[in-house]
2 protein chains.
Amino acid sequence: MNVNGRHYRTIWIKEDDESVIRIIDQRRLPHEFTIEDLVTVDDMATAIKDMHVRGAGLIGAAAGYGMYLAALEAAGKSSFDDHLYAAAEKLMSTRPTAVNLSWAVKRQLEAVTKGDSPADKVAIAMRTANEIADEDADFCRRIGEHGVRLIEEIAAGKNGRPVNILTHCNAGWLAFVDYGSATSPIYAAFDRGIDVHVWVDETRPRNQGASLTAWELGQHGVPHTVIPDNAGGHLMQHGLVDIVIVGTDRTTYTGDVANKTGTYLKALAAKDNNVPFYVALPSSTFDWEIRDGVREIPIEERGPDEVVYIEGLCDGEIKRVLLTPAGSRAANYAFDVTPARLVTGLITERGICAANEEAILGLYPEHRG
Amino acid sequence: MNVNGRHYRTIWIKEDDESVIRIIDQRRLPHEFTIEDLVTVDDMATAIKDMHVRGAGLIGAAAGYGMYLAALEAAGKSSFDDHLYAAAEKLMSTRPTAVNLSWAVKRQLEAVTKGDSPADKVAIAMRTANEIADEDADFCRRIGEHGVRLIEEIAAGKNGRPVNILTHCNAGWLAFVDYGSATSPIYAAFDRGIDVHVWVDETRPRNQGASLTAWELGQHGVPHTVIPDNAGGHLMQHGLVDIVIVGTDRTTYTGDVANKTGTYLKALAAKDNNVPFYVALPSSTFDWEIRDGVREIPIEERGPDEVVYIEGLCDGEIKRVLLTPAGSRAANYAFDVTPARLVTGLITERGICAANEEAILGLYPEHRG
């Protein structure tokens with residue numbers, strides 16, 4: 001999507017130097033837009049581990065390009081494949097729970113080791129990395145094409161007034177290679193000239209809404225308003241939300257949706273006020289094993305410092321301030337699970353379906369028992 | 001309640017100098033505990049206006065003591081009553097929507113102007129100010145005596161495991177003269193030796209939970225954990241909340257509850273998980289006129305800076321940091337309304353009742369049509 005009027009992806013091969021990968025360093029957003037050059041597989045491992053890049057789709061693409069950097073390095077070594085396997089280990093250990101990461105690394109290993117020569121292997125690694133990134137962008141683009149129909153239908157009934165969309169956390173293009181999941185229908189609607197306005201939940205404790213979603217919507221020109229996570233219920237009670245669209249970190253084949261903490265509260269409010277509640281996801285986010293999301297999806301408990309402190313801009317510098325009394329404990333459950341009964345539908349790259357086993361397997365028959 | 005092991009109220013006449021009113025300056029909490037001396041009615045007006053003191057009950061008491069300071073000043077003037085009326089105007093203009101403020105000022109005017117001499121009038125003003133503060137503390141204490149029974153009942157079924165109570169915002173003793181409303185049953189339970197643990201919603205945007213509720217619970221020794229406002233639903237889904245107790249800024253005689261933004265979302269989650277949801281209030285908080293709280297209670301929209309910036313401690317100083325992108329708008333609806341159907345019961349100074357017209361008027365028959 002656009003930054004300062006120019007089109008960007010979150011990760012790409014440098015225009016005039018194929019040995020360099022460029023990323024947007026997301027740690028400085030929304031206060032600074034920084035492009036970082038990565039030249040070694042160690043650079044990429046650090047970028048993933050320290051969250052210069054984050055988000056399921058983008059982590060997969062970063063791992064793919066990391067393996068390409070590893071192939072470039074391996075071309076100068078006596079044993080190409082040994083170096084490649086060591087790099088694979090290194091990349092996979094950066095964020096062990098990210099499914100897309102190991103999937104991308106394995107795809108690269110399988111493709112590259114079939115090459116005839118070091119030069120051939122490097123070419124395969126570059127092609128595969130680009131394929132992984134292109135597929136991610138293409139899936140997200142298609143989510144937008146399906147999801148935009150929901151927004152068009154609402155717009156048709158609003159007599160020119162803007163369609164108000166509420167979203168939580170960042171399921172935007174910054175979490176993928178381009179377009180995003182939850183944001184893709186919004187960008188598609190905006191680009192077609194539909195009058196949209198987005199309520200952006202700030203999404204404590206890490207504030208990905210206030211810092212990332214608000215920034216990317218603003219850069220693309222989409223009208224939006226940042227709100228505390230507490231506000232959505234009031235807005236829905238008063239007819240100020242037409243549709244909720246969120247992303248997901250894992251969705252069961254029965255339609256239960258794990259997403260950033262607080263999503264469940266918004267789904268409850270949507271149900272109580274007859275506001276449609278949609279979840280946008282590429283098929284890679286489905287869990288084809290788990291039946292009961294609330295009981296079975298493990299919820300990561302992160303360190304309390306994300307609750308106790310917050311970062312922001314102060315006198316031109318990014319500073320961390322303490323929010324709580326010295327002796328108080330804090331807890332930080334990163335996700336929650338929204339039961340399928342509260343979800344109006346799922347927006348996937350293959351189309352929109354209801355959040356139940358029959359409808360999901362109808363779109364993905366290859367996963368039938 | 002206790003601070004550093006000593007009992008305090010939020011406002012009192014200085015022990016060795018009856019011409020001075022002391023308050024806890026709440027602007028520096030939770031990072032600094034500061035007692036401020038107020039000697040003129042202008043001092044008190046500033047303290048109310050700039051929120052050194054806040055909370056319905058405490059604002060009423062502050063206005064009462066402000067009128068006592070006005071009487072002390074008036075005793076040296078040619079026209080006692082003229083000065084008193086001017087002071088009343090000044091105090092009432094500090095926070096025009098606070099009902100307790102004008103109620104306390106009017107009570108003082110009515111009492112004091114009946115005095116025979118300046119000395120008599122000053123004595124009446126002091127007595128009335130103390131009465132207002134004592135009544136506030138007494139109502140809150142009685143809320144605790146009624147509400148503690150709910151906690152005792154839960155404790156009886158927990159085999160020695162702690163009773164987990166979730167609260168939102170600050171309906172603590174810092175918002176009243178002592179005890180608080182929502183916190184009063186919690187302090188009563190703790191003081192009786194019941195094992196309680198409180199989940200404290202941080203309560204963005206002004207973070208009264210993280211800064212005030214967590215501080216006062218900690219000072220009194222009550223075990224507690226600060227959580228993002230997004231976490232309560234997950235906790236309730238997993239059996240980690242036994243009861244929710246919140247305060248209210250205005251409750252209709254039909255049981256609709258206006259309280260700090262986000263309360264409605266917690267009430268929805270409580271209902272969805274069969275967690276009892278109680279609202280604690282002194283009778284002065286009932287609105288005997290409004291029937292439909294969601295449609296009729298006006299919701300204050302405050303400035304966006306409370307969302308865009310946050311204050312915290314950094315390098316020993318309280319600093320304000322920017323959270324959002326430069327061009328992003330923010331909205332700040334301060335309250336929301338929880339419909340009576342989501343409220344298990346109301347805890348008042350006269351006892352506990354269901355959140356409906358019949359039950360409320362049963363406790364307060366003097367307000368029957």
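This is a predicted model: local features need pLDDT of at least 70, side-chain atom pairs count only at pLDDT 80 or more; totals for chains, interfaces and linings use all residues.

Between domain 1 of chain A and domain 2 of chain A, 10 residue pairs are in polar contact, both members of each pair at pLDDT 80 or more. In chain A, strand E1 (2–3) and helix H2 (56–74) each supply at least two residues of the side of domain 1 that touches domain 2. Of the elements on that side of domain 1 of chain A, H2(A) gives the most, with four residues. Sorted by class, the side of domain 1 of chain A that touches domain 2 of chain A has 12 nonpolar, nine polar and three charged residues.

How many salt bridges are there between domain 1 of chain A and domain 2 of chain A? The count is zero.

Let me set the bounds for those two domains. The assignment for chain A puts domain 1 at 2–135 and domain 2 at 143–367. Taken over C-alpha atoms, the centres of domain 1 and domain 2 of chain A are separated by 27 Å. The contact involves 24 residues of domain 1 of chain A and 18 residues of domain 2 of chain A. Together these two domains of chain A bury about 1900 Å², with 58% of it on carbon and sulfur atoms. On the domain 1 side, Asn2(A), His31(A) and Arg54(A) supply 27% of the area buried against domain 2 of chain A, more than any other three residues.

Now the chain interface. Chain B superposes on chain A by a rotation of 180 degrees with 0.0 Å of shift along its axis, at an RMSD of 0.1 Å. The two copies are therefore related as by a two-fold rotation axis. Of the interface residues of chain B, 100% are also interface residues in chain A, so the copies meet through the same surface.

In terms of extent, 62 residues from chain B and 62 residues from chain A take part in the contact. The chains bury about 4900 Å² between them, 59% of it on carbon and sulfur atoms. Asn230(B), His234(B) and Leu265(B) supply 14% of the area that chain B buries against chain A, more than any other three residues.

Which residue of chain A forms a salt bridge with Glu202(B)? The partner is Arg204(A), and the closest N and O atoms are 2.7 Å apart. In total, four salt bridges are found across the interface of chain B and chain A. There are also 30 residue pairs in polar contact between the chains, both residues at pLDDT 80 or more. Helix H9 (residues 263–272) of chain B gives the most to the side of chain B that touches chain A, with six residues. That side of chain B has 32 nonpolar, 19 polar and 11 charged residues.

Last, some backbone geometry. Most residues other than glycine have a negative phi, and most peptide bonds are trans. Here are some exceptions. The peptide bond from Leu29(A) to Pro30(A) is cis, with omega near 5 degrees; Pro30(A) sits in the loop between strands E4 (21–24) and E5 (35–38) of chain A. In chain B, a cis peptide bond joins Arg204(B) and Pro205(B), with omega about 10 degrees. Pro205(B) is in the loop between strand E7 (196–201) and helix H7 (208–220) of chain B. Asp315(A), a residue other than glycine, has a positive phi, near 55 degrees. Its place is the loop between strand E14 (309–314) and strand E15 (317–322) of chain A.

Key: Residues are numbered from 1 along each chain as its sequence is written. Chains are lettered from A and ligands numbered from 1 in the order in which they are written. Side-chain values use heavy atoms; hydrogens and water are left out. Copies are superposed by least squares on the C-alpha atoms of residues with pLDDT of at least 70 in both. Contact means heavy atoms within 4.5 Å. Domain bounds come from an automatic or database domain assignment. Buried area is the accessible area (1.4 Å probe) that two parts lose on being put together, summed over both. A salt bridge is a side-chain nitrogen of Lys or Arg within 4 Å of a carboxyl oxygen of Asp or Glu. A polar contact is a pair of N or O atoms within 3.5 Å; within protein, one must be able to donate a hydrogen and the other to accept it, and residues adjacent in sequence count only if both atoms are side-chain atoms. Ala, Val, Leu, Ile, Met, Phe, Trp, Tyr, Cys and Pro count as nonpolar, Asp, Glu, Lys and Arg as charged, and the others, Gly among them, as polar.
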